[in-house]
Amino acid sequence: MMYALIFSRDLIKREHFNSTTQMTAQSSKTVLSLDSEAVFSLKDGINFKKSPDDGKCYIIYKENGELKACKNQCKHQGGLFIKDIEDLDGRTVRCTKHYWKLNVSTMQYVNPPDSFTQDELDVVMTDEGGLQLVEVIVWDPWLADPQDPQELQEGEVTVTYLTHACMELQLGGKKMIFDPWLTGPAFARGWWLLHEPPADSMERLCMADLIYISHMHSDHLSYPTLKSLSATRPDVPIYVGDTSRPVFWMLEKRQVQLTNINVVPFGIWQNIDEHLRFMILKDEVHPELDTCIIVEYKGHMILNTVDCTRPNYGRLPHNVDLMMSDFAGGASGFPMTFSGGKYTESWKADFIKNERKKLMNYKAQLVKSLQPKIYCPFAGYFVEAHPSDRYIKETNTKNKAEELNALIKKSAPGITTWTPKPGAVLDLALALMSPSRKAITDPPSGTNIYKDSWDFDLYVDELNRAITAEIFKHKSWIQFYYIWAGFKNYNLVVRVIETDEDFIPIDNGYNYLVDFMDLSFPTQRPTREHPYEEIKNRIGVMRHVVKNGLLWDDLYIGFQNRLSREPDVYHHRFWNHFQTELPVAGPDWDLFLQQVSSYQRSAEPQGIQTESVSASTLSLKKADCTVS
């Protein structure tokens with residue numbers, strides 16, 4: 001049953017529509033079998049085994065005759081594990097992608113600490129002394145109420161690429177649009193559109209029958225775009241998945257008037273008309289954030305995995321008519337924004353080159369395994385266009401769609417590939433009848449494919465207006481903000497420094513320490529043993545984020561900070577909190593200013609200055625401390 005979450009001022013409402021009941025049956029699959037001799041040869045500690053059937057790898061851990069097993073696949077972003085040469089106990093493996101470490105004896109990730117738990121496989125011993133590794137499989141939800149494909153007429157189903165992750169689907173008499181980012185930057189001021197959207201893109205958006213927004217990242221949920229949409233079509237139906245953090249958690253703060261936002265449960269068909277339905281699936285690595293979608297029209301499926309790392313436990317439909325996915329990489333501040341230790345320019349260049357190659361091979365293998373009839377790489381067409389981010393633009397090289405498609409054609413020649421240009425149209429009926437060029441209509445000759453100008457000043461000035469906000473005249477905003485953020489009881493000390501455009505500390509900017517063990521604000525680093533991070537933030541973006549209670553993705557993914565750390569360990573709990581788990585209700589700065597004013601009045605006779613206000617002096621409403 002489709003429903004929408006009741007949210008502020010009924011902008012997001014709960015409604016009922018026709019849908020198909022979700023089936024939750026499970027099945028199991030034997031992924032690896034070993035005979036008694038192979039079982040006897042297992043050594044104590046870590047054993048790597050490969051299936052002769054499909055070449056997939058598994059890890060078996062043996063201790064005191066007991067066995068544990070898991071896939072040889074990092075839960076973070078799917079990298080392969082190898083033996084960790086720094087592990088003297090023989091219990092830890094290291095991911096070759098981002099160097100995450102897994103203790104196989106406990107199935108807990110130890111670097112970063114306090115992050116994921118690895119999914120285990122069942123170890124079943126046979127009567128003959130062999131063993132089987134068994135994976136429990138959740139029933140594929142798209143198989144509910146299967147529809148036989150019907151013949152399509154030319155022009156009945158078309159897919160038009162607009163820009164980045166934005167596609168327009170003509171599905172019979174309905175128009176559906178994915179992830180409209182048509183104007184303005186994403187991640188504060190770090191990302192800008194690479195491709196020039198067709199001139200009528202906003203008009204197309206306003207004429208859509210339904211819009212799907214995959215997640216809350218601003219290259220998919222673009223408030224500048226939606227603000228323009230709301231002026232013309234505030235009631236256009238918008239569909240999002242029921243993620244643990246609401247996709248539109250900032251809707252009221254952004255003052256965008258959209259009145260028909262529908263939050264739908266995962267894994268259930270949502271019927272739009274007699275022939276059209278869709279299903280949203282959850283990403284298992286980032287369930288609070290990412291989703292993907294299956295659209296079906298007259299039995300023909302279109303799969304859009306967007307930015308998902310492991311949607312639906314890694315199980316996706318095979319042989320769909322069209323598959324789309326991201327491909328480019330580069331959507332992170334790591335390692336470009338890091339300095340110190342190993343982070344030399346040559347190390348960064350080698351790491352980025354290897355990462356892009358791994359991602360390219362992973363995407364090619366995924367497409368080959370799913371065998372779609374047509375594949376289109378998208379959702380990677382952004383550029384660090386602002387002049388102050390020239391270093392990031394030059395360092396953060398990205399995969400090219402043409403190269404990925406060439407790799408796919410080499411390994412799976414039966415799959416038709418499409419490298420989209422803004423305004424290009426794929427006719428699905430023609431493509432299925434004859435996978436040839438005539439199924440794709442490119443934009444007219446002379447069309448401007450790449451953007452050559454952006455409204456930098458308009459958006460940067462908006463961010464920089466936060467610099468002079470009244471709250472930052474009082475040093476006690478620091479305590480107030482971090483108490484509101486609600487992250488503590490974690491052994492980490494962070495120094496935050498406000499900088500100019502070139503990340504040079506500003507003389508009159510804030511430079512402070514936060515000890516998250518007890519949420520104190522010392523003037524010097526504590527004497528106890530502790531991990532330490534130094535974060536330099538561009539002052540305009542940092543103050544904009546603080547003032548509006550935004551997630552730190554604007555800083556980190558938007559390349560608006562520079563980082564160093566001792567030791568070189570990723571603190572998952574810290575970054576996950578500030579990137580996904582900050583309170584939905586922003587800081588009550590009105591209350592803060594009232595308290596400061598009240599304290600000033602009471603302290604004036606004693607000559608106490610505002611900056612001496614302590615964290616204990618500033619109270620917070622209980623509602624403001626609630627973490628979603």
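In strand S21, the residue that pairs with Glu296 through a bridge is Met301. Strands here, like helices, are DSSP runs numbered from the N terminus, with at least two residues (E) for a strand and at least four (H or I) for a helix. The model is a predicted one, in which local features need pLDDT of at least 70 and side-chain atom pairs count only at pLDDT 80 or more, while totals for chains, interfaces and linings use all residues. Residues are numbered from 1 along each chain as its sequence is written, and side-chain values use heavy atoms, with hydrogens and water left out.

Two strands are taken to pair if DSSP finds at least two bridges between them. S20 also runs antiparallel to strand S19 (residues 276–282), and seven bridges join these two. Here Phe278 stands opposite Val295 of S20. Two residues lie between the strands in the hairpin of S20 and S21, where Lys298 takes a positive phi near 50°.

How many of the seven residues of S20 are buried? Seven of the seven residues of this strand (residues 291–297) are buried, so S20 is largely enclosed by the rest of the structure. Buried means under 20% relative accessible area, exposed means over 50%, and partly exposed is in between (1.4 Å probe, protein chains only).

Helix H7 (residues 401–411) has the buried residues Ala401, Leu404, Asn405 and Ile408. These residues cover an arc of only 95° around the axis, which puts them on the same side of H7; the arc is that of the directions from the helix axis to the C-beta atoms. The buried residues of H7 pack against helix H5 (345–370), strand S23 (374–377) and strand S25 (416–417), where contact means heavy atoms within 4.5 Å.

The cysteines come next. A disulfide is a covalent bond between the sulfur atoms of two cysteines. With a disulfide counted as a pair of cysteine sulfur atoms within 2.5 Å, a search of the whole structure finds zero. Cys308 is in no disulfide, and its nearest cysteine sulfur, that of Cys292, is 4.5 Å away. Cys308 has 7% relative accessibility and so counts as buried. For Cys57, the closest cysteine sulfur is that of Cys70, at 11 Å, which is too far for a bond. Cys57 is partly exposed, at 25% relative accessibility.

Some backbone details also deserve a look. Most residues other than glycine have a negative phi, and most peptide bonds are trans. Asn111 and Pro112, however, are joined by a cis peptide bond with omega of about 5°. Pro112 is in the loop between strand S8 (108–111) and strand S9 (120–125). Another cis peptide bond, with omega of about -10°, joins Glu566 and Pro567, and Pro567 lies in the loop between strand S31 (561–566) and helix H13 (572–580).

His164 has a positive phi near 50° and is found in the loop between strand S11 (157–163) and strand S12 (166–171). Asn489 also has a positive phi, of about 60°, and its place is the loop between helix H10 (477–485) and strand S28 (493–499). His164 is buried at 0% relative accessibility, whereas Asn489 is exposed, with a relative accessible area of 56%.

Across the whole structure, a search finds 48 aromatic pairs. Rings of Phe, Tyr and Trp (its six-membered ring) pair if their centres lie within 6.5 Å; planes under 30 degrees apart count as stacked, over 60 as edge-to-face and the rest as tilted. Phe334 and Trp347 form an edge-to-face pair, 6.5 Å centre to centre with 80° between the planes. Phe334 lies in the loop between strand S22 (322–325) and H5, and Trp347 lies in helix H5, so the pair ties together parts that are 13 residues apart in sequence. Both of these residues are buried. The ring centres of Tyr481 and Trp484 are 5.4 Å apart and the planes are at 35°, so this pair is tilted. Tyr481 and Trp484 both lie in helix H10, three residues apart, about one turn of the helix.
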